[in-house]
Structure formats: structure tokens, C-alpha cells
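Morning, everyone. Please look at the screen, and I will walk you through one structure.

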Amino acid sequence: MPKNKTHSGAKKRFRITGTGKVMREQAGGRHLLEHKSSKFKRSIANDVELAPQDAKKIKRLLGK
């Protein structure tokens, strides 16, 4: 049987922790940062856990 390929878009956007949680970056931190407050920029700089309903689909795309 051939091997399954990892979804290229998913591997750029998500990562899986050692405990199996799927982490994603928060939106809004790439551009137009000049008018955003420092507090807001710090808050969106951290990764957050993906919702369990979506995590199952993403794990399948990542081949986990």
C-alpha cells in the first residue's frame, strides 16, 4: 500500500503537543499592528488549543 501524504496546508497551521493536543495560532497578528494595543498584541501572540470537534479532523490531515 502507498503511504498517506500529510496535508501541506495543515502542517503549516497546526502542531500537535506531546500530550496530543492540537495547537493553533490566533488571528490578527500579521499586519496592521501599528494601531493595535500592546496588550492586545501580547494576548494574540500565544497559541491556543483547537476545539475538540476540529482537532479530530486536523489530526487526520496530519496523519496522527
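Start with K36. You will find K36 in the loop between β2 (22-24) and α2. Keep in mind that this is a predicted model.

Is K36 buried or exposed? K36 is buried. Yet K36 has no salt bridge. The nearest side chain of opposite charge is E34, and E34 is 12 Å away. A salt bridge here needs the nitrogen and the oxygen within 4 Å. What does the side chain of K36 reach, then? The backbone oxygen of G28, at 2.6 Å.

Look at its backbone. L32 has a positive phi of about 55°, although L32 is not a glycine. Here is the background. Most residues other than glycine have a negative phi.

Now the charged pairs. Side chains of opposite charge can pair when their charged atoms come close. How many salt bridges does a search of the whole structure find? Two.

Take R15 and D47. Their side chains meet in a salt bridge, with 3.2 Å from N to O. Where do the two residues sit? R15 lies in strand β1, residues 14-16. D47 is in the loop between α2 (38-44) and β3 (48-49). So the pair ties together parts that are 32 residues apart in sequence. How open are the partners? R15 is partly exposed, with a relative accessible area of 42%. D47 counts as partly exposed too, at 30%.

Next, R30 and E25. R30 forms a salt bridge with E25, and the closest N and O atoms are 3.4 Å apart. R30 counts as exposed, at 69% relative accessibility.

Last stop, the largest pocket. Its volume is about 170 Å³.

K36 is buried without a salt bridge, and its side chain reaches the backbone oxygen of G28. Thank you.

Terms used. Residues are numbered from 1 along each chain as its sequence is written. This is a predicted model: local features need pLDDT of at least 70, side-chain atom pairs count only at pLDDT 80 or more; totals for chains, interfaces and linings use all residues. Side-chain values use heavy atoms; hydrogens and water are left out. On a 1 Å grid over the protein atoms alone, a cavity is a set of points where a 1.4 Å probe fits but cannot get out, and a pocket is an open set with protein on both sides within 12 Å along at least five of seven lines; lining residues have an atom within 4 Å of a point. Grid points are joined across faces, edges and corners, and a volume is the space filled by probe spheres set on the points. Helices (H or I, at least four residues) and strands (E, at least two) are DSSP runs, numbered from the N terminus. Buried means under 20% relative accessible area, exposed over 50%, partly exposed in between (1.4 Å probe, protein chains only). Lys and Arg count as positive and Asp and Glu as negative; His and the chain ends are not counted. A polar contact is a pair of N or O atoms within 3.5 Å; within protein, one must be able to donate a hydrogen and the other to accept it, and residues adjacent in sequence count only if both atoms are side-chain atoms.
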